[in-house]
Amino acid sequence: MEKSCFYLALFLSLFATAVLAGDPDMLQDVCVADLNSSVKVNGFPCKADITADDFYFKGLANPGATNNTMGSVVTGANVEKVPGLNTLGVSLSRIDYAPGGLNPPHTHPRATEMIFVLEGELEVGFITTSNKLFTKNITKGDIFVFPRGLVHFQKNNGVEPAAVIAAFNSQLPGTQSLAVTLFGSTPEVPESVLTKAFQVGTKEVDKIKSRFAPKKN
């Protein structure tokens, strides 16, 4: 009896680990996402008529425009761009950086990220929950991993453009940029929360909020 309980506990622990490691396992060969369905499920419902184009995307071939405030741009190849990724638990992105460009501190709540440097050089890093920073300078051909859910960043300190391909163990990893989340949410995070959390005055908070306020149509 004790041995049976032990094996049951071991199985349940392994099962829980597998479930938490990434997206849920698929239950059929393919389940191409019906992005227009009104049905709400964990992921997307399957559509009936599928073609090869549901598994195809060429949006990562060329550099994205980096003429913005941060000097970087992320081009995603997730289930919203490639419906055939639904239930497969993987996705890619291309990230381009102008000289001095920054992919600012952010997290992916549903995936670990692995980047492969296509060109240029980057300073990359992540911060653990014990506030320890792990950082490294990487260059063309290098790989770096950002563990799931941890705050991380990439910065191009070089004089030439840089680019990476990022792989995720989720069809839709999600991205939360710290600054945008805290200072650009709708409705707004109460000012009293931000002034106390960052130990600054209301003028400083208002100034930062003005940079991240949602654009009005």
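Is F198 buried, partly exposed or exposed? F198 is partly exposed, with a relative accessible area of 42% (buried means under 20%, exposed over 50% and partly exposed in between, with a 1.4 Å probe and protein chains only). The model is predicted, so local features need pLDDT of at least 70 and side-chain atom pairs count only at pLDDT 80 or more, while totals for chains, interfaces and linings use all residues. Residues are numbered from 1 along each chain as its sequence is written, and side-chain values use heavy atoms, leaving out hydrogens and water.

**Aromatic pairs**
- Four aromatic pairs are present in the structure (rings of Phe, Tyr and Trp, the last by its six-membered ring, pair if their centres lie within 6.5 Å; planes under 30 degrees apart count as stacked, over 60 as edge-to-face and the rest as tilted).
- F126 and F144 form a tilted pair, because their ring centres are 6.2 Å apart and their planes stand at 45°.
- This pair ties together parts 18 residues apart in sequence, because F126 belongs to strand β5 (residues 121-127) and F144 to strand β7 (residues 143-146) (strands are DSSP runs of E, at least two residues; helices are runs of H or I, at least four; both are numbered from the N terminus).
- Both F126 and F144 are buried.

**The helical pair**
- F183 and F198 are also tilted, since their ring centres lie 5.5 Å apart with planes at 40°.
- F183 is in helix α2 (residues 178-183) and F198 in helix α3 (residues 191-198), so the pair links parts 15 residues apart in sequence.
- F183 counts as buried, at 10% relative accessibility.

**Cluster and charge**
- One aromatic cluster consists of F126, F134, F144 and F146.
- The charged end of K132 sits over the ring of F134, 5.3 Å from its centre (NZ of Lys or CZ of Arg must be within 6 Å of the ring centre and within 35 degrees of the ring normal).
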